[in-house]
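Subject: Structure handover, salt bridges

Hello,

Here is the structure I said I would pass on. My notes on its charged pairs follow below it.

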Amino acid sequence: MAGNPLKIGVIIGSVRTGRFADKVAQWFLSEIGGRDDMDVHVIDLSEPALVEELKLTLDAGEPQPDTLTLAQRIEGLDGFVVITPEYNHGYPASLKLAIDYVYREWRAKPVGFVSYGGMVGGQRAVEQLRQVFAELHAVTLRDTVSFHMAWEKFDEQGRPEDADGAGKAATVLLDQLAWWGLTLREGRAARPYEG
């Protein structure tokens, strides 16, 4: 697959100032960056163009015509990894807005999760996201990467203290993403998904 790598979107779901997502994303991007079967496209919901686009949807406006919209970015990808915190037993409103803003472009594509938070490592946010993506006809991956008490689990260089364990979890997630991504890409090419 080296000649035709999967196009994988890594979605950074938090937009808070001083967010911990940057450390988690930096680590995960280094993990996925070592693979030759995936071409990574970062979709950071705090990007000014995305913030403006999503704000316009709330104001019933239109995105700038010379800007690649979020829907166009999602359409061109084969699969996704969502990096999400858990806020008050749920995921961020910014992530919900971005997911709902796009519709058919999610269909028949795999979605994996990297979560972080307090005692349960963001897993309550992931369980809610599974329900949302199922409604959009996306396929969520069983195995996740999660960081419990995340702010205590990374060193000053932004690396997980349990680098081996985190790396193994990331490998499992990415191997599943590769299988589902390739299988669903071939399926969509052979027969468009009409669900």
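Is R130 buried or exposed? R130 counts as buried, at 17% relative accessibility (buried means under 20% relative accessible area, exposed over 50%, partly exposed in between, with a 1.4 Å probe and protein chains only).

Some background first. This is a predicted model, in which local features need pLDDT of at least 70 and side-chain atom pairs count only at pLDDT 80 or more, while totals for chains, interfaces and linings use all residues. Residues are numbered from 1 along each chain as its sequence is written, and side-chain values use heavy atoms, with hydrogens and water left out.

The search of the whole structure gave 14 salt bridges (a side-chain nitrogen of Lys or Arg within 4 Å of a carboxyl oxygen of Asp or Glu). Side chains of opposite charge can pair when their charged atoms come close.

R130 has E127 as a salt-bridge partner, at 3.3 Å from N to O. Both residues sit in helix α5 (residues 123–135), three residues apart, about one turn of the helix. Helices (H or I, at least four residues) and strands (E, at least two) are DSSP runs, numbered from the N terminus. E127 is partly exposed, at 40% relative accessibility.

Another salt bridge joins R188 and D78, with the closest N and O atoms 3.4 Å apart. This pair links distant parts of the chain, 110 residues apart: R188 is in helix α6 (residues 163–190) and D78 in the loop between α3 (70–75) and β3 (79–85). D78 is buried, with a relative accessible area of 9%.

R159 and D155 also form a salt bridge, at 3.3 Å between the closest N and O atoms. R159 is partly exposed at 47%, and D155 is partly exposed at 22%.

Finally, a network of salt bridges links R19, D22 and D44.

Regards
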